[in-house]
Structure formats: structure tokens, C-alpha cells
Amino acid sequence: MKKLVVSEHLKKSLKLQRGQMMSLFQGCSLTHSAFLFLFFLFSSFKPAQTEVVRSISDCADFLLNQSPPQIPNILEDGKILDQNRYKPICQTYQNTRTFLTLYDTKERIPVFSAIKFVINKNPGKRSKKWMIEPQLENESANKNMRKDNKKQGTYDHQASNLDYKNSTMFNRGHVCPSSYGSTQTAKTSTFTLTNIVPQVITFNGGSWEKMENCTKCFMKKFCKNNNNATEGFVVTGAEPGNSKLKDHVNVPSRMWSAFCCYSSSEKAWLASAHWGANVPEESKNKYMQTKTLNELYQEFGTQEAEFNVFPGTKCPLETTVTEFYPKLDKPCKCPRSTCKQKNQKMNKKKNKNKNKKN
């Protein structure tokens with residue numbers, strides 16, 4: 001018969017709850033082994049959570065319907081194809097999970113980051129300090145992200161501050177935007193280098209920033225669920241390129257972003273997508289055009305595997321939210337309507353009129 005081994009952590013838990021358990025079985029004669037069995041059967045003891053997890057499902061609350069994206073050759077049917085290379089991170093700061101990242105430890109950039117967008121009336125200010133994920137270097141390290149030690153130099157499985165130092169072309173480009181965080185903790189947590197890519201400075205501060213601002217404005221106004229609470233789901237990713245910053249961190253060739261939400265005011269699901277090349281922008285007036293989800297999927301999918309940000313959901317595939325842009329304030333920096341978009345609106349009105357006549 002095998003000897004029963006009880007850990008120190010379990011002994012403490014047993015000690016704390018022994019009184020409650022014994023009161024349940026008062027008057028019964030129990031052996032020590034039987035007591036332990038009943039304790040595990042009825043207690044609410046749970047293992048400690050960690051930040052770097054084994055499966056996307058461990059932090060799926062940041063995904064619409066808890067449904068993982070389909071990323072060809074990386075994440076398919078909810079399964080990470082190369083678990084040694086790609087690590088799901090429940091981004092954790094001050095013991096609070098704030099968003100999800102699937103991280104490429106070989107290229108040292110995120111595959112994507114996902115967040116549930118909500119509104120807090122008093123979000124506070126974030127403190128700008130660049131952090132790293134300790135568990136990518138040491139699995140037994142604390143689950144909370146920590147400040148990057150500049151004296152540390154480079155890391156084996158992630159980027160460091162040193163990788164970006166003195167770069168005149170690239171800066172630290174957020175994948176999950178800091179402005180999408182609803183609390184000070186959430187905002188600060190986006191300043192982990194596992195949520196950062198080398199982004200061309202004029203692209204990051206140009207059309208990409210305008211897109212982030214426009215999307216946020218739209219979600220604040222139109223993404224209201226049936227409880228009148230703001231709720232939108234955003235997934236943003238990077239496509240690896242052929243060059244590396246300081247021969248250590250991959251420079252993405254393109255970046256993409258998509259969002260989806262239910263709008264109680266419109267009584268419909270709404271969604272749009274954007275993507276752009278990570279290259280210098282000469283004009284400050286450049287805007288990133290709003291695309292449909294299907295256009296995004298066709299652009300980044302392959303013949304062998306599907307690209308799908310919101311699989312198994314009611315997110316519309318063939319429409320965008322451009323018709324709502326005129327209702328947003330000018331500081332939202334949304335793109336101007338194109339001829340194609342105007343024609344789509346006219347055709348939509350014509351179809352409505354035909355349906356009314358019929």
C-alpha cells in the first residue's frame with residue numbers, strides 16, 4: 001500500500017477547514033485516510049493559478065464566447081500546434097488578469113493580444129514602466145509581470161528594453177492598446193514587453209494610432225449590451241517579417257486588428273477589421289481604411305488553413321461600421337467615407353425601399 005504524502009500547503013488548508021469538516025461528520029468514526037478523501041470530495045480547494053498557462057481556454061474570458069481565434073499553422077481548433085514555441089499568457093499585474101496574449105518565444109513578439117473592452121468612469125493614470133514576463137524564463141517564477149532590469153540585458157524567450165534602446169526607426173508598439181484598459185492596473189499591464197512589437201515610429205503614431213482611437217470611440221458609443229453596459233471584444237495581432245531588431249526581435253511586416261460587439265441600440269452585432277504595412281508614412285493625413293471581417297480573413301488566411309478571429313460567433317462577415325462614423329465626434333479620427341462605402345450605403349437604402357414596396 002502506497003504511503004499517503006500530504007504537502008505543507010495542503011496541511012495548512014486542512015488545518016483551516018478541519019473544524020468545519022469535523023462538524024459535518026460529528027459522531028462518525030473516520031480514519032485519517034477517509035477524512036482526507038472526504039475533504040477533497042467536499043472542499044473547494046483549487047490549485048494556484050499561473051500566468052503562463054498551457055491552453056488558451058485558461059484565460060478565454062477575454063475572447064468573445066470564449067472562442068479562440070483561428071491562426072494558420074499556429075492556433076487551430078483551439079489547439080496550439082507548437083506548445084514549445086507559442087505560449088498563452090494571462091497577462092497579470094498586481095494579481096489581476098487584464099488581457100490575453102499568445103506569445104511567440106522564437107520571434108519574441110506577440111501572435112496576438114485580446115481584451116474585453118469595458119468602461120470605468122475612474123480609470124486613473126497608468127505608470128509607464130516597461131515589464132517582462134518572469135515565467136517565460138523560469139516556469140516557477142512569480143505569476144505577476146515585473147519591471148525589466150536594464151542590467152539584465154537580453155532574454156532567451158522574450159524581448160527586453162535593451163532590444164529597443166537607441167532605435168531611430170522603431171519604437172515599442174503596443175499590440176493591446178494602453179487606452180483600452182479600463183483601470184489603472186489594466187492600463188499599466190499593457191506595458192509588458194510581451195505585448196510589444198518593433199513598430200515603425202510614423203506608422204505607430206500615424207494611421208495605426210488613428211485606427212485605435214476611432215475603434216475606441218465607436219465601442220464607447222455603440223457597443224452597449226442589453227444591460228446598457230459597454231462591452232466589446234478586440235483582437236490585435238502581428239505578422240512576422242523577414243528582419244530583426246538588433247538580430248533579436250522580429251520586425252512585423254504587417255499588423256491587423258478586429259473588433260466585434262452586440263449593440264442594443266442597433267439591435268445587431270457589429271464588427272470591422274483593419275490592417276496595415278509596418279512601413280514609414282510620409283503623410284500625417286493617412287488613414288487606415290475600415291474592412292470587413294471576411295476581407296481580413298481572406299488577406300491572412302491560406303489555402304490549407306482558415307484565418308478567423310471570431311469563430312462560432314454572430315459577428316457579421318460582410319459589413320463594416322463605417323455608416324456610423326458620421327455620428328462620432330471629429331476627435332475620434334475615423335477615416336472619411338470612400339466612393340465604395342458611399343455606393344454600399346446607397347445600395348443598402350435602395351434594397352430597403354424595395355423591401356418596403358414589396
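The questions and answers below concern this predicted model.

Modeller: Local features need pLDDT of at least 70 and side-chain atom pairs 80 or more, while totals for chains, interfaces and linings use all residues. Residues are numbered from 1 along each chain as its sequence is written, and side-chain values use heavy atoms, without hydrogens and water.

Colleague: Which helix gives the largest share of the lining of the largest cavity?

Modeller: A cavity is a set of points on a 1 Å grid over the protein atoms alone where a 1.4 Å probe fits but cannot get out, and lining residues have an atom within 4 Å of a point. Among the lining residues are S207, H274 and K333. Helices are DSSP runs (H or I, at least four residues) numbered from the N terminus. The largest share, four residues, comes from helix α7 (residues 207–222).

Colleague: Why is the pair of Y297 and F307 called tilted?

Modeller: Rings of Phe, Tyr and Trp (its six-membered ring) pair if their centres lie within 6.5 Å; planes under 30 degrees apart count as stacked, over 60 as edge-to-face and the rest as tilted. The centres of Y297 and F307 are 6.2 Å apart and their planes stand at 55°, so the pair is tilted.

Colleague: Are Y297 and F307 buried or exposed?

Modeller: Buried means under 20% relative accessible area, exposed over 50%, and partly exposed in between (1.4 Å probe, protein chains only). Y297 belongs to helix α8 and F307 to the loop between α8 and α9. Ring pairs join both to W256, W275 and F300 in a cluster. Both Y297 and F307 are buried.

Note on methods: On a 1 Å grid over the protein atoms alone, a cavity is a set of points where a 1.4 Å probe fits but cannot get out, and a pocket is an open set with protein on both sides within 12 Å along at least five of seven lines; lining residues have an atom within 4 Å of a point. Helices (H or I, at least four residues) and strands (E, at least two) are DSSP runs, numbered from the N terminus.
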